[in-house]
Amino acid sequence: MSSTNLPLLDSPYHSYTYAYPHKTAYRPFSPRSLSDVWQEQNKQALFLYLHIPFCEMRCDFCNLFTTVNASSTIETEYLNALERQARQTKQSLGDMKVVQLAIGGGTPTYLKPAELERVYRIIDIFNVDYPRVPASVEVSPATATADRLHILAAHHTQRVSIGVQSFVESEVKSVGRPQRNAKVFRALEAIRHSGIPVLNIDLIYGLAYQTPQSWLLSLQTALEFQPEELFLYPLYVRPLTGIGLSGKSWDDERFELYQRGRDYLLAHGYQQVSMRMFRRSASLAGQGEYCCQNDGMLGLGCGARSYTHELHYSSEYAVGQESVKSILQDYIRRSPQDFAKVNYGFQLNQDNQQRRFIIQSLLHSSGLSFPLYQQRFHSDPLQDYPQLQSLFAAGLAQQTDKRITLTAQGLAYSDAIGPWLYADEVVNQMSSYKLS
Ligand code: SF4
């Protein structure tokens, strides 16, 4: 694509904008009390997220905060700390209401059934109205067992997301994941029999040995289980992970696979919600009173992020196993008083709040609504950020009366458009971050 006025768009694969600012822009700050941080925020429509940082293996492409083969002792100590954090957080925030719930990781179902039950007892601290609150849990092929799924279903889980990545065993093996299809099929059948209404399957394109034909085979196999949602992720080579793919030809391969995957799903009754997300029909996931632009995200657990309008905070971030273990040990030792304060994150000024709103809206198929932006910031996005006009000239976005939406080409370039809208200050912080 020719995009001389948008140099960043020369490649569609800059980086995945799943949260702005990225965690690598976070830094230590003077401790602030939780009650102070949340004082000005609407606490009646919160998204509660619990992070379980354990996996049975480390996938080479993964840069999430997680550790492998944790012992039962570590798991118990972790859940003890999670409970201390939950109690302290409830006390600090006071009157609050959870309207959306997610348990992620890592792999939450790495926990044994009794430990999973305990996670729900911890969630009970927040008086979650389960049947009315959309709840989502991440699982893996090895851990989506009938007994665990039964616990999730008993707590009204409405969506289960499973990372399959590929149904071609040699392809998943190339990213450090020795996975057998027989086990994947057993897990998918167990999910379909569990009564949990929404199944999401994650797949990856751009893997070593993957061809357009093998990619379509994975998509076709996934559809045999009639998932309500699919996420198609381009493979990224991330620092401290062990993959050696790069270059323009790899960009071209990923772009071709993206287009084939998108066309295949659109032809099979799916709608495109974002570059990655495809939904079969109106599902329960994503409904409810929570709206991601409203920023009331309360994260519990080591590695979880929390968002208010003005502050994003978390524990420290790492990918390397030694650093992850050290941060985890620090978390496990924290007292209730420690959990009453936060000291690591990113303070969002007005410019970054506006950019975050625009990025999150624009990268979703529903687009950027001028009235919603006006309601929140009392201004006009095209006046605040005239560079958005260049997306129209490049054929990446279109404007109707009161909304900007990305074109099909624009959605395909989401991973370039997102970073192109980052503030210089965020770019500088991200590039000076030393990942350990
Ligand atoms: S991709 Fe999922 S299963 Fe693999 S290491 Fe990351 S969190 Fe664990």
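Let me start with a definition: helices (H or I, at least four residues) and strands (E, at least two) are DSSP runs, numbered from the N terminus. The expected span of a helix is 1.5 Å times one less than its number of residues. With that in hand, take helix H11, residues 350-362: its 13 residues should span 18 Å, and its end C-alpha atoms are 18 Å apart, which agrees.

Two notes before we go on. What you see is a predicted model, in which local features need pLDDT of at least 70 and side-chain atom pairs count only at pLDDT 80 or more, while totals for chains, interfaces and linings use all residues. Residues are numbered from 1 along each chain as its sequence is written.

Now the overall layout. The domain assignment, which is an automatic or database one, gives domain 1 as 22-279 and domain 2 as 350-432. Their C-alpha centres lie 26 Å apart. Domain 1 puts 9 residues into the contact and domain 2 puts in 10, where two residues are in contact if their C-beta atoms, placed from the backbone, lie within 7 Å. On the domain 1 side, we have 4 nonpolar, 4 polar and 1 charged. For those classes, Ala, Val, Leu, Ile, Met, Phe, Trp, Tyr, Cys and Pro count as nonpolar, Asp, Glu, Lys and Arg as charged, and the others, Gly among them, as polar.

Back to H11. Its buried residues include Asn352, Arg355, Arg356 and Ile359. Buried here means 20 or more other C-beta atoms within 10 Å of a residue's own, exposed means 12 or fewer, and partly exposed is in between, with C-beta atoms placed from the backbone. What do the buried residues of H11 pack against? Their partners include strand S16 (368-369), helix H12 (370-377) and helix H17 (424-432).

Tyr20 sits in the segment before strand S1 (27-33) and counts as buried, with 23 C-beta neighbours inside 10 Å. Setting aside neighbours within four places in sequence, Tyr20 contacts Arg355, Arg356, Ile359 and Tyr422. Tyr20 and Asn352 are 332 residues apart in sequence, yet 8.5 Å apart in space, C-alpha to C-alpha. And a cis peptide bond joins Tyr20 to Pro21, with omega about -5°.

There is another cis peptide bond to show you, between Gly105 and Gly106, with omega about 15°. Gly106 lies in the loop between S5 and helix H3 (113-124).

Next, helix H7, residues 212-223. Which residues of H7 are buried? They are Trp215, Ser218, Leu219 and Ala222. They cover an arc of only 95° around the axis, which puts them on the same side of H7; the arc is that of the directions from the helix axis to the C-beta atoms. On the other side, Gln213 and Gln220 are exposed.

I'll finish with some backbone angles. Tyr209, in the loop between strand S8 (198-205) and H7, has a positive phi of about 75° although it is not a glycine. His378, in the loop between H12 and H13, is not a glycine either, and its phi is positive at about 60°. His378 counts as exposed, with 7 C-beta neighbours inside 10 Å.
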